[in-house]
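Me: I want the labels on this model checked against their cut-offs. Keep it short.

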Amino acid sequence: MRPYPFTPATAPSVNPDRGAVREPAGYDPYRPEPEDPRDDRRYDGNAPAPYRGSRWRWPVRIAGAGIVLFVLAVIWLAFTAPLSKSLEPLTPPSITLLAADGTPIARRGAIIGRPVDAEQLPATVTNAFLAIEDRRFRTHWGVDPRGIARAFWHNMTSDGRNQGGSTITQQLAKNAFLDSDRTAARKIREVMIAMWLEAWLSKNEILSRYLSNVYFGDNVYGLTAAAKHYFNRTPEELSIAQSAMLAGLVKAPSRLAPTVNLAGARARQKLVVGAMADAGFITAAQAEEVRPARLATNRIKPLPDGTYFADWVLPEARDTAGEIAQETTVTTTLDRRLQTAAERVVRGAGLRDAQVALVAMRPDGRVVAMVGGKNYKTSTFNRAVQARRQSGSTFKLFVYLAALRSGLTPDSMIEDEPVTIAEWSPKNSDGRYAGNITLRRAFAKSSNVAAARLTQQVGVKNVIRAARDLGITTPIPNEATIALGSATGSLLELTSAYAAVAAGAYPVRARGVAEAGNRTWYDNLTGRSHRMDGALREQMLDLLSASPETGTGREAALSVKTYGKTGTTSDSRDALFVGFAGDLVVGVWVGNDDNTTNPGLSGGGLPARIWRDFMMRALNVGPAVAPEPEPAMIEEDDGNGLGLEDLGLDGVQLPEGEIEGLGLGLRVGPNGIEINRARDRDAPRRDERRRDDRAPPEDEPIEDEF
């Protein structure tokens, strides 16, 4: 009988040549496995011993993870806070506007002083900051563990104000790269950047950059600017008291600025002086001698943050300067002398409740003076640029330009009689009509009906085209009423249009920056200038000279050739005079902000006088001289005097000579009492004396309005 194949005793052995594993001798597959010693069961010692972990296993793992995290943190910082900036000057953005002569006129942003070198400063200056901010600055590596522990203990045990443990290096890191968020992530970044700064910069470089960029209140950054702003001194000239006061401001510059909290600044100064003595930077005797610092800010006239001109030119200045990452200066076209003259004239104009705007520019568009209202402090709204008002009869410049382009001349005739155009019946403002007159006469008297007839004759589209060619970009209605200035626009744009005639080229773009900068191909394509036909320009000058010489603009006439046009809107809401003389083009507007009426106001009145008074100062000229009257004709046989019989003095013998005391220029001659005409001719005419009184004396000092 064959044995049972699964009986252990009779089971055949496995052939080792077939790759199977030979069972050990005495192996019994049914015998239980040895007990695990970890289960406190029997163990025969034949199985391998289990693996036991090293006690350093977890510390090594933690250290490795820390290294990985550190590398990741460095990569993170490289993207979120580029450390290469630590070697560059650190200043907040600021732009300073300069007049054409290089004089600062306005500043936007911070007041930033020149960088300082800590090694070149007196020891008392740098020690004041070290004593109150970071006494162990010279020995730590960016982070002061003792300072952090001290601040932590103080904050835990004190009910007063919390202390900070940041070093000067940490403060530099925070000011240069980080925001003011009080988060753990920001603090970690601050510590890492501080350590980086300590590795790459010397202690002197770190302290120099800190002092050059720290905030001292009043929008002032840097030790140089603060010393100048508060004490009118350089950092090298600061006393112990002044250095201590400035060092004390760093903790709370806005709250402790001495211009707003002198008592608080002096109390903080006293604390800093005590800290300097405790640190051994000064002796106790020196500390006792320190007196409260005295300010000298009244000696410095700060630059304004804004003026009408600065507000207008700032966007153009920023475009010219490009990205403003540090303090930047931009030279503008403003002429300080002309700006001062404009402001003086406006102040003395007797405006009462009305507002005013004035723009002065060169024929090429460089704005040299701008007044946007009576007082910038009470109203920053720039009426020269932002206001959109009707132009009145000053718009007739474009009507007559279109007429001259059509072939008419200043000697062409136009009917000055009432007219109706599509149910619109314009009327002359004075209610008088002159019949058939020349275009020159119609322009001078500012005939409304003549302008309406010309618009009807040449076409509204051609009038609009003339306005567009001269640079008017605001909407213009496609109707005949534009002849009387019903369209609205800015005084700046209107003045630029008159500048095109003065320059003999169009359009003229008003600009406020000295250098226009690099123009793009689009600007070159769309901003090309066109020369005005010489004959056409001469005809326009003929018309524009007629208004101040014989027409509605006589109040604006100067002793030099004057060109311009008056404008008055309905119900005297707006009054304007725009014109040019010499190398200046000036526009003046007067009216109310709420567009209410001004009884009696007209472009030939107050605006024309403001324009004339400004131009007299700007060009150093006088007003136009009234024509001298013709001398009276006297018959030869009548003599040149009065007989004694005419005075009832027949038979009375009077001595020959001047008759004094009457002021009449009388003398007794052989033929009786005569009028001394030579003396009468030498005396100044009353009108000349009155006009000369308006001209400013040449030696009158010009005060600085900036």
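Me: Why is Asn232 called partly exposed?
Reply: Asn232 has 26% relative accessibility. Buried means under 20% relative accessible area, exposed over 50%, and partly exposed in between (1.4 Å probe, protein chains only). Asn232 therefore counts as partly exposed.

Me: What is the basis for these values?
Reply: This is a predicted model, where local features need pLDDT of at least 70, side-chain atom pairs count only at pLDDT 80 or more, and totals for chains, interfaces and linings use all residues. Residues are numbered from 1 along each chain as its sequence is written, and side-chain values use heavy atoms, with hydrogens and water left out.

Me: Which phi value does Asp571 have, and where is Asp571 found?
Reply: Asp571 has a positive phi near 60 degrees. Its loop lies between β14 (563-568) and β15 (574-581).

Me: Why is Leu72 called partly exposed?
Reply: Leu72, in helix α1 (residues 57-80), has 48% relative accessibility, so it counts as partly exposed.

Me: How do you know that the bond joining Tyr506 and Pro507 is cis or trans?
Reply: Omega is about -10 degrees, and the peptide bond is cis. Most peptide bonds are trans. Pro507 is in the loop between β12 (505-506) and α19 (521-526).

How values were computed. Helix = DSSP H or I, 4+ residues; strand = E, 2+ residues; numbered from the N terminus.
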